[in-house]
Amino acid sequence: MDCYSLRYLRFRIGGKYLTERHLFLKKDPSKENSIIVSNIPSFVGEDVILAIINQFAPFEVEESFTQRSNASDNSLSQGQLTMSITFLKPEAVIQSLALCQDVGPFTITDFLEEPEFPSVLNDCTALYGKLFPSEEQIQEMADTYVERYDAEQAEARKEAKRKYSEPDEDGWITVTKAKKAAKSMKLKKEDVPLIGGLSGKKKKVDLAYYTFQIKKNRQEKAQELLKKFEEDRKRITQLKQARNFKPM
Amino acid sequence: METDELPEDVIPMSNAFKLLCEDSAPKQNKKEVEKQRQTARKVKVLVEQANLNVKIEYKKLDFWTEFSIKHPLHHLQKAVDATSTNVTEFKWITPKVTVLDTLSTSKEKVQVFIEIPSELIGNRDFLNLVYPAKRGHFMCAVAKILEKNIQKIEFSAGGINRDDPIFADLIVDGVRVHFYCSELAKTKRFAPNIGNLRPATVFGDFLFKGAEIDTPKFNQRMLWSVLELDLIQELEKQMKPLPTARLALFLLRSLLENRHFEEHFSPILLTARLVRLVKNGEITEKQEILTVLKIIFKDLISWSLDDVQYVEEEELEDSLEEEYSQHFDMNLIWRHLNLAANVTKNQMARMKKELIACYPLLGQVYTFDPIFIDKTPLFAHYDHVARLYINVSQLQPLIQEFGCDSVDNSDVINQFLKSLEHRIEKTMSERYEFLEIHEIRSEDHSTWNINRYAPNEREKTLLIGFRSTSGWKNPLTVGPSAQTEDAKEFRELWKDTSELRKFADTRICECVVWAEKPSDKVARAVLQFVLQKMFVLPATCLSWRSLTSTSTSAEADQEREKQSQEAVFKAFTDLTTVLRGLKGIPLMVTNVHGISGYLRGTEPAYPSVYAAASSIRSKERHVVPEVGKIPLFSPAVTVHIKLEYSGKWGNDVEAIRRLTSSLYVKIAEKLRDQHKLCAVPTIDQLFVIQSGIVFKIVVVNDRILNILEEDVQKLKDSGASRIESSLPGMRLALWKKKYIAEPLLQMSLQSFSISHKFFGSTVQLFKKWLGAKLLSGQLDDHIIELLVVAAISKKGSVEPQSIWSSFSRLLDLISTHPWSARPLVVDFGTKSFSEEERSKLEEKFIKMRPILPPMVVIHDEDLLGTKFTRENPQGIVLNRLVAVAKEALKLMEKQTIGQKSIDLETSLLTENLAPYDAIIHLEPSAVVRKKTALQRRPLPENPKIRPKIPVVELDPVDELVYQLNNNFHQVAMFFYNKYGGQHIGVMFKPQEEEVPAKISRCSYHKAVSDSTLRLNRPEILENILIMGQGIVSDVQLKKE
């Protein structure tokens, strides 16, 4: 048997719900003595899964935890879960994977004393009830938080003050650069000297004097026009493509 | 309409616009044109060389039958028998044949004109049907000559509008052959005040003995056959050196065609109008296309209805001009021929309206398509439509009126329609801006084989479309003051149904009273009155085609929705006053914004906007749901408030949240003490009942924005990249969306709904329709409203005025917009994006297309266009939406032209569960948004009864669908109807049917072999049953 291949374990929920389902088991390649169990309905507890596995592979479990859920909000109470089980002994892995396909189907409700599953309706009505704490509670919650917050703030302020005034364990005092009170000089337009004024760059006077300049200018202008024309053409092709586009 | 009302801020001509225009010009298929030219030459040679030995009496119309050719006037034998001429013999004489290239005046590029030799024409042949009969003989002779050498010869309706079977043309292998006779008579002979057709010759002596009546229409038809070659030659000659003008003409023609004007605005008329501008010197050779287009648009918009205008500089005598303007709505004269004889006032009004909408957009690149390319279905142009069916036998009692100037049945019906239009104008002109009567043809009557009889339509189906004004529903038709001459006339017109009414300003007027209250039924009653009482037609010949049935219950429903919206709005205004005036709270309320569709009536009030009353006796001021009992839905209208500035909020979002919650407690206390309102605070909001409606008050604090921005700034300063996907970045974006973008958008929508009264009801219908297609939740509510805004305020079309037109345009928009290739840009009409901004937006769209969602809707608050479409709809859902919109459009078309009127709303809102793989049936008690038999009302103001905040905004079906998607998003999709749907449709993703055996893909699968897993559908359905306890009654898997 290739213990890295995907093995399944048949089970059903029980009661009214008798569809055959598969749990999927696989050796965890990244962790010693561990298997991954997947496709566990979120409403079936971790204990139940462990109990089922214990039925045909009675070994001591060192650690087990739920890794993830496939629900889009990643909530572990929704969707199908993936679980990791670490055994104490390596043979537990081999035995559980070897036997899992031959046993079962197990029935979940057999492992529960009071089989009851969560439902959307109960969840949302329960949540709705929680939305309305009493006014006193609201006030109290606000007060405690704000008190704590104020205390923290005061503490933080003190801490900061201390930093600037008293030396720390190493004997350092934090110093910051004092702000310079340099104000930018504002000049009115008429105050700006005409030649070689404050503005650093000289303005380039666009005077085509030589023939080569005239030529160059003309070429540049033509280039620009051509570029713009190309752009326009591209835009229009796109528009046209969109026009011919048939959504269905 | 005067042209000076048109905006003058002209957009300069851009290369892009020029390119667009040139690009959309018709591509000359040189091969095709050459082929036509060859055919034309062949016709010329064959006809000129023919030697046909035929000599017959011109009245012998069935002569050609033996050659399997039917004379086009065959069915009018009696009328032809009643004619006389001095040249009774018809024989073949070789005619003059002209082949002409027609670049402007017609879609056909090459046409042939054959002149009927004058030897065959008698000196008074312009009278009655002599000339048409002889012309028919000549056509049959030509058909006979060509028959052997030509593949396909057909008759085709001729005349200026190509709709006249009496003056038919021949179509020879796709080339139109005209027959004319320029020497039939002087053009003056066909002036409108002269009678050339005695009704007695057509309909027999018994009715019209000795009657001599003017026949303006018939004269124009005859005159066309006299002048057609001259006119076309002249127009072509003028247009030939003006390629830009030709291009403009082409664009104009396609604009008019897309808006269904082609029936009446013939290419000849449009060319003549343009030639007139050329002759005036307004259009010259060197003008740019944009300039030419603007000149033409302006010219058409300012075309006066009262003046008689001329193509060239010629003038008729005043008295004759008077005749023209009396007989025709529009006049554009060329040598006594009125090119605009078929255009009515109403068509002109509609065309002007359309052109005015387009004019300011000329020159813009991104509105080119809406102006010149996009085509809207005919029925979407009108706010109200009716289907009229007329059989000529129904008009027999009125034949004396409509038989004049008519040659056949079709003419009689047309005369009736013209008269009907005038009568409607007289009786209900205050109710509409324009109306138009379109013929609905089941098959094409314009061409027929030469061995078939010419069409002799005894019946016509028509579509009457109205663009309504605010007076459409007015229950009164107010006439002139009592005791005047006009009053007498008015009474006569209304067959003494009018009565005297005294108005508030002490006027006493004649009035016809149609109903107690304004209603859609009034206009129906008026039109029915016109048809039944004024034309003695049966009531069944007219049937109104509308979206909603006019049954009393449907009207009551609409009324209820309207009242609900008004109630919410009023309660909101009251609450605003209360909040602003609230004393004794730490910070005063400065701003109050209503953020809800209920305020503008865009949310169906299912089951009611009012809070549900509670029977539970407890001290609590609010109700929580009991176990096993699901209360009907109560909405809560969200209100955002802002408080005066304070520097004491601190720097911690959580602290602000806590402080705000204690503020809610304080506000609630004051609301209870000062205003006796029921107010319940929670941590993040405050619920209040005002006038029976629950409001959810949320404090918006800009301090939070600053803190979040600071956090992001810190992150930026620390050199982090990809701020958008970091936690602070996402929090900031979410806050901005929820408390800035959404409220601003809602404000724009609110003001749009005020200026467009039918906006709310259209959105409601759209929402219900989406629900019926099980697409609730697939489009964000904001997007739903934005789509409606886009459809209503679409550039380059006249804004709709009713649910009918706005909903059909909405469907048209959804089904024709190229979603994957272009963003949808929504303008609220107040300020729109400039050409440059538009171009930047579109460029960005194209660059980012691969990472943008399938639907991109750009508006002022969202320049990228993805704020509300990031998650939904997915591509596959958008495709489905497009498909169902197309289906719905077809249904609307069927409703407009189909024989029987259907209950369209019910048909549109019918669920179809066939496409789904599995169906989840819901417990009826869990469906909390549904219409109830008993209407909820606001509680009476009674100090003894203390209202309680009911269970608000709790819809278990919404919750269930959320969890279904959450749990099964990998393997299935869920579709439901928010508004009272009893089922949820499940579609399994086909790619999940069989997957390789991997731990990452094993969820909801079952092993079938070592290497493959198969989707375990029963497992999924079982899980749905488990999580849906109390909501789901049953799950049903369809057979594969």
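Predicted model: local features only at pLDDT ≥ 70, side-chain atom pairs only at ≥ 80, totals over all residues.
Local features need pLDDT of at least 70, side-chain atom pairs count only at pLDDT 80 or more, and totals for chains, interfaces and linings use all residues. Residues are numbered from 1 along each chain as its sequence is written, and chains are lettered from A in the order in which they are written.

**View 1. Helix H10 of chain B and its packing partners.** H10 covers residues 289-301. Helices are DSSP runs (H or I, at least four residues), numbered from the N terminus. The expected span is 1.5 Å times one less than the number of residues. For these 13 residues that gives 18 Å, and the end C-alpha atoms are 18 Å apart, so the two agree. Buried residues (20 or more other C-beta atoms within 10 Å of their own, C-beta atoms placed from the backbone) include B:Ile289, B:Val292, B:Ile296 and B:Phe297. B:Lys294 is also buried. The buried residues of H10(B) pack against helices H1 (15-24), H8 (243-258), H9 (267-280) and H12 (345-358) of chain B.

**View 2. Residues 212-242 of chain A.** The span is 100% helix and 0% strand (strands: DSSP E, at least two residues). Its end C-alpha atoms lie 45 Å apart. An unreviewed UniProt entry annotates residues 212-242 as "coiled-coil region"; such annotations may be inferred rather than shown by experiment.

**View 3. Where chain B touches chain A.** In all, 64 residues of chain B contact 56 residues of chain A (C-beta atoms, placed from the backbone, within 7 Å). Helix H19 (residues 653-675) of chain B gives the largest share of chain B's side, seven residues.

Technical notes
Buried ≥ 20, exposed ≤ 12 C-beta atoms within 10 Å, placed from the backbone. Contact = placed C-beta atoms within 7 Å.
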